[in-house]
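Hi everyone, thanks for making time today. Please have a look at the sequence and the model, and I'll talk you through a few places in it.

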Amino acid sequence: MKGILTVRLRSNIVLCFLAGLVAGFFGGPERATAQLKVDVTQGTVKPLPIAITSFNGRGGQEVQLGKSIAGVVKADLERSGLFQPIDEKAFIDVERSLDTVPRFQNWRILNAQAMVQGRVSLLNNNRMRVEFRLWDVFAQQQMVGQVYTTVSSNWRRIAHIIADAIYKR
């Protein structure tokens with residue numbers, strides 16, 4: 001009888017031990033808790049979709065200067081990594097005048113969040129006047145507008161200055 005009692009006692013101890021282990025594992029009175037830590041070291045920045053139109057002009061030389069200036073502005077902004085210029089082939093309508101407010105609905109369709117337009121005018125004594133405007137397409141308002149007058153050979157420098165003004169804004 002003594003042997004049977006010892007076996008039952010041992011089996012009861014083993015069963016109690018296993019029951020306690022299972023209860024502790026699956027939510028007994030004292031649960032084990034783990035701490036979740038998230039370490040964010042980098043973010044993702046999506047470039048801003050921007051439409052950059054060729055700068056308008058009246059004559060052939062003004063039109064060519066306008067295309068060249070817009071090309072440099074586009075390249076500068078794209079290389080910054082903060083802007084994604086929209087392909088000109090996707091443009092629905094190119095605004096022909098700086099004197100009127102753009103048709104913002106045409107730019108929203110392209111998902112442009114900003115739009116740049118400009119004008120080049122050749123003056124006397126080998127000088128030129130370059131105007132540009134940066135528009136917030138969704139707010140439908142002008143963010144920056146500048147006019148620069150310089151010698152025609154400074155067209156590239158003016159393009160970089162315009163790109164800097166857009167970048168800063």
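Let's begin at asparagine 125, which is exposed, with a relative accessible area of 69%. By exposed I mean over 50% relative accessible area, while buried is under 20% and partly exposed is in between, using a 1.4 Å probe and protein chains only. You'll find asparagine 125 in the loop between strand 3 and strand 4. Asparagine 125 is not a glycine, yet its phi is positive, about 60 degrees.

A word on what you are looking at: this is a predicted model, where local features need pLDDT of at least 70, side-chain atom pairs count only at pLDDT 80 or more, and totals for chains, interfaces and linings use all residues. Residues are numbered from 1 along each chain as its sequence is written, and side-chain values use heavy atoms, with hydrogens and water left out. As for helices (H or I, at least four residues) and strands (E, at least two), they are DSSP runs numbered from the N terminus.

Asparagine 111 also has a positive phi without being glycine, near 65 degrees. Asparagine 111 sits in the loop between helix 3 and strand 3, and at 43% relative accessibility it is partly exposed.

Now for the charged side chains. How many salt bridges does the structure hold? There are 5, counting a side-chain nitrogen of Lys or Arg within 4 Å of a carboxyl oxygen of Asp or Glu. In one of them, arginine 119 meets aspartate 99 at 3.6 Å, N to O. That pair links distant parts of the chain, 20 residues apart: arginine 119 belongs to strand 3 (residues 114–122), and aspartate 99 to the loop between strand 2 (83–85) and helix 3 (104–108). Aspartate 99 is exposed at 61%, whereas arginine 119 is partly exposed at 22%.

Arginine 119 also forms a salt bridge with glutamate 131, at 3.1 Å from N to O. Here again distant parts of the chain are linked, since glutamate 131 lies in strand 4 (residues 127–136), 12 residues away from arginine 119 in strand 3. Is glutamate 131 buried or exposed? Glutamate 131 is buried, with a relative accessible area of 10%.

Glutamate 131 has a salt bridge to arginine 129 as well, at 3.4 Å, N to O. Arginine 129 is partly exposed, at 33%. Through shared partners, Asp99, Arg119, Arg129 and Glu131 are joined into one network.

Let's move to helix 2 (residues 60–80), where aspartate 76 lies. The side chains of aspartate 76 and histidine 160 are joined by a polar contact of 2.5 Å. A polar contact is a pair of N or O atoms within 3.5 Å; within protein, one must be able to donate a hydrogen and the other to accept it, and residues adjacent in sequence count only if both atoms are side-chain atoms.

Finally, the inside. In soluble globular proteins, nonpolar side chains tend to be buried together. A nonpolar core is a set of buried Ala, Val, Leu, Ile, Met, Phe, Trp, Tyr and Cys residues joined through side-chain atoms within 4.5 Å. The largest one here has 25 residues, and those with the most contacts inside it are Ile50, Phe55, Val73, Phe132, Ile162 and Ile166. Strand 1 (48–52), helix 2, strand 3, strand 4, strand 5 (141–151) and helix 4 (155–168) each supply at least two residues of this core. Another core lies apart from it, with 10 residues, including Ile86, Phe91, Phe104 and Val137.
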